[in-house]
Amino acid sequence: MWMGLLLEVIEMNKQRAQEITVSPVMADVTYNGASIYIQHVDLDNETARIYPLDQPENEQEVPIHNLQENGPEQDIEGVARFCPLP
């Protein structure tokens, strides 16, 4: 029997994107395969202002549904924690 951690990739919705933005926990979110940081969420337009973690000068506005969340989450100090799935 396989006993491992299954990581689920979840398409982002605007409520979750907003939660990530205000959370002290650094979520593992990607855009086009690159790890990103969400700076701001525009709930009306369903877009997010993001930048790649390795290129903070490369800000861009993207549709929220193009973001993907990968588990588990990680807090600011680097201690992993698991986020319950809805």
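Where does E59 lie in this chain? E59 is found in the loop between β4 and β5, where helices (H or I, at least four residues) and strands (E, at least two) are DSSP runs numbered from the N terminus. The model is a predicted one, in which local features need pLDDT of at least 70 and side-chain atom pairs count only at pLDDT 80 or more, while totals for chains, interfaces and linings use all residues. Residues are numbered from 1 along each chain as its sequence is written, and side-chain values use heavy atoms, with hydrogens and water left out.

The chain contains one helix and seven strands, arranged along the sequence in the pattern β-α-β-β-β-β-β-β. Of its 86 residues, 27% count as buried; buried means under 20% relative accessible area, exposed over 50%, and partly exposed in between (1.4 Å probe, protein chains only). The accessible surface of the chain amounts to about 6000 Å², and carbon and sulfur atoms hold 52% of this; such areas come from the Shrake-Rupley method with a 1.4 Å probe, and for residues only the protein chains shown count as cover. Among the contacts in the chain with a separation of 6 or more, 47% involve residues 24 or more positions apart, a contact being heavy atoms within 4.5 Å.

Confidence comes next. The average pLDDT of the chain is 78, and 70% of the residues score at least 70; pLDDT is the predictor's confidence in each residue, from 0 to 100. Strand β5 has the highest confidence, at a mean of 97, and strand β7 (residues 80–81) the lowest, at 41. Over residues 1–9 the pLDDT is below 50, and this stretch has 11 contacts in the model beyond near neighbours in sequence. Residues 73–86 also stay under 50, with 23 contacts in the model beyond four places in sequence. Where pLDDT is low, the predicted coordinates should not be read in detail.

In α1 (residues 14–22), the residues R16, A17 and I20 are buried. They cover an arc of only 100 degrees around the axis, so they lie on the same side of α1; this arc is that of the directions from the helix axis to the C-beta atoms. Q15 and V22 are exposed, on the face of α1 turned away from its buried side. At the N-terminal end, α1 is capped by N13, with a side-chain oxygen 3.1 Å from the backbone nitrogen of Q15; a polar contact is a pair of N or O atoms within 3.5 Å, where within protein one must be able to donate a hydrogen and the other to accept it, and residues adjacent in sequence count only if both atoms are side-chain atoms.

The strands can be followed in order. Strand β2 (residues 25–31) pairs with strand β3 (residues 34–42) in the antiparallel sense over three bridges, two strands being paired if DSSP finds at least two bridges between them. Y31 stands opposite A34 in β3. These two strands form a hairpin with two residues between them, and N32 in the turn has a positive phi of about 50 degrees. Six bridges then link β3 to strand β4 (residues 47–52), again in the antiparallel sense, with Y37 opposite Y51 and V41 opposite A48. The hairpin of β3 and β4 has four residues between the strands, and here E46 takes a positive phi near 55 degrees. Strand β4 is mostly covered, as five of its six residues are buried. On to β5 (residues 60–63): four bridges join this strand to β4, and the two run antiparallel, with I50 standing opposite Q60.

Leaving out residues up to four places away in sequence, V62 touches Y31, E46, T47, A48, I50 and L67. V62 and R49 are 13 residues apart in sequence, with their C-alpha atoms 6.5 Å apart in space. E59, in the loop between β4 and β5, counts as partly exposed because its relative accessibility is 45%. Beyond its neighbours within four places in sequence, E59 is in contact with Q39, R49, I50 and Y51. The C-alpha atoms of E59 and I38 are separated by 9.7 Å, the two residues being 21 apart along the chain.
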